[in-house]
Each structure stands twice: as structure tokens, then as C-alpha cells.
Amino acid sequence: MDQPVYTAEKEQEVLNQWLFQDTVEFEKEKEELKQERREIESMRRKLEWDMEDFQRKVAIEEQKLEREKQLFEMKWRLLEKEAANLAKERDEFNYKMREFEASILQQPPVRDMECGLLFRGVTNELSLKKRYKDLMKIYHPDNIAGDTGIVQEISKQYEEMQTQFRARY
């Protein structure tokens, strides 16, 4: 019977080899775990930096938003103030316009007899100027129907009526 004989030395050698392989595997797993831990640490630091960067950006944007909100409020108040001033000025203008119109209606019209026949029916300065220009086109000495005497009479009556209108206002 040839049975292998195990000796204590052989058992010790097998046990040492098994322990060596286990130790090698254990060390390999330990190194892999260390590497994974370093990678996770690196990822954690990067995530922290990214979070800090994001928080800084959020803070900056919130500050910008607050400044823009303050600027908008300031512009809005200014716009409301100017709109109120504009409404006030419009009301004052309308009031003065009504006063002016009322004062025109209360004054008696210029009498036609004082101005002669050339300016009959003229009641304000604008129509006076228009009538004067029309008469000058007709009676100017350079025209066929022109006459210097009539032009002098037109100018005299125009100046008189202009003085009367200016005295009113």
C-alpha cells in the first residue's frame, strides 16, 4: 500500500502556500479598495468644489437679481413720478386753454367799420394775415391790377388791425 505520507513539514508547506495565496489575494483586494477609496475621495472633493462653485454662482446671481430689482423699483418710482407730473401739467394746460378760450369769447370782435371794407369779417390775427397776403397778391404794383395807393391803404389798415389784436392779448 503505497499511501502518500504526509509529514508535518509537507502540511506546513501546503498551509504556508495557501496562506501566501490568501495573503496575496487579500493584499490585492486591499490595494483595489485603497484605489477605489482614493477615487471616491477624489470624486467627493470634486463634488464639494463643484457645490461650492455652484453656491458662489447662485449667490452672485441672487445679488444681481437683487440689484436689478432695486434698479427696476427705482425706475418704476421715477416713471410714476414723471407720469404724475405729466398729468398735472396736462391738467394745468387744459385749465389755461379753457381760460384763454373763455377770454376770447368774452372780448367783443373788432368792428368792421374801423377797418374799412378791405378787412371786413376778420376776427383774429391769423385770418388778418391771410387776408393781407391775399390782398397784396391782388393789388401789388408789379401786378396788372396793382396800385401803390391801394397797397399803402392796405398796409395802413393791416397795421391798425394788428395793433388792435396785439392790444387784446
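Mentor: A word on terms to begin with: helices here are DSSP runs of H or I with at least four residues, strands are runs of E with at least two, and both are numbered from the N terminus. On that basis the protein chain has 4 helices and 0 strands, in the order α-α-α-α along the sequence. Please keep in mind that this is a predicted model. Of the 169 residues in the protein chain, 9% are buried. Among contacts between residues at least 6 apart in sequence, 53% join residues at least 24 apart.

Let us look closely at helix 3, which runs over residues 125-139. Its 15 residues reach 21 Å from the first C-alpha to the last, close to the 21 Å expected at 1.5 Å a residue. Where helix 3 starts, a side-chain oxygen of Asn-124 comes to within 3.3 Å of the backbone nitrogen of Leu-126.

Now for the two sides of this helix. The buried residues of helix 3 are Leu-128, Leu-135 and Met-136. Viewed down the helix axis, these buried residues fall within an arc of 100°, so they line one face of helix 3. Turned away from that buried side is a face with the exposed residues Leu-126, Lys-130, Lys-133 and Lys-137.

What covers the buried residues of helix 3? Part of the answer is helix 4, residues 148-168. Helix 4 has 21 residues and spans 30 Å from first C-alpha to last, close to the 30 Å expected at 1.5 Å a residue. Its buried residues are Val-151, Ile-154, Gln-157, Tyr-158, Met-161, Gln-162 and Phe-165. They cover an arc of only 140° around the axis, which puts them on the same side of helix 4. The face of helix 4 turned away from this buried side carries the exposed residues Gln-152, Glu-159, Thr-163 and Ala-167.

The largest nonpolar core has 10 residues in all: Phe-119, Val-122, Leu-128, Leu-135, Met-136, Val-151, Ile-154, Tyr-158, Met-161 and Phe-165. Helix 3 and helix 4 each supply at least two residues of this core, and helix 4 gives the most, with 5 residues.

Finally, the aromatic rings. The count comes to 2 aromatic pairs. In one of them, the rings of Phe-72 and Trp-76 have their centres 6.1 Å apart and their planes at 25°, so this pair is stacked. Phe-72 and Trp-76 are 4 residues apart in helix 1, about one helical turn. Phe-72 is partly exposed at 48% relative accessibility, and Trp-76 is partly exposed at 42%.

Tyr-132 and Tyr-158 form a stacked aromatic pair too, with 4.1 Å centre to centre and 25° between the planes. This one brings us back to our helix: Tyr-132 lies in helix 3 and Tyr-158 in helix 4, so the pair ties together parts that are 26 residues apart in sequence. Are these two tyrosines buried or partly exposed? With the cut-off for buried at under 20% relative accessible area, Tyr-132 is partly exposed at 21%, whereas Tyr-158 is buried at 11%.

Technical notes
Residues numbered from 1 in each chain as written. Predicted model: local features only at pLDDT ≥ 70, side-chain atom pairs only at ≥ 80, totals over all residues. Heavy atoms only, no water. Expected span 1.5 Å × (residues − 1). Buried < 20%, exposed > 50% of the residue type's maximum accessible area, 1.4 Å probe, protein only. Arc of directions from axis to C-beta. Contact = heavy atoms within 4.5 Å. Polar contact = N/O pair within 3.5 Å; in protein donor to acceptor, adjacent residues only side chain to side chain. Core = buried A, V, L, I, M, F, W, Y, C linked by side-chain atoms within 4.5 Å. Phe/Tyr/Trp six-rings, centres within 6.5 Å; stacked < 30°, edge-to-face > 60°.
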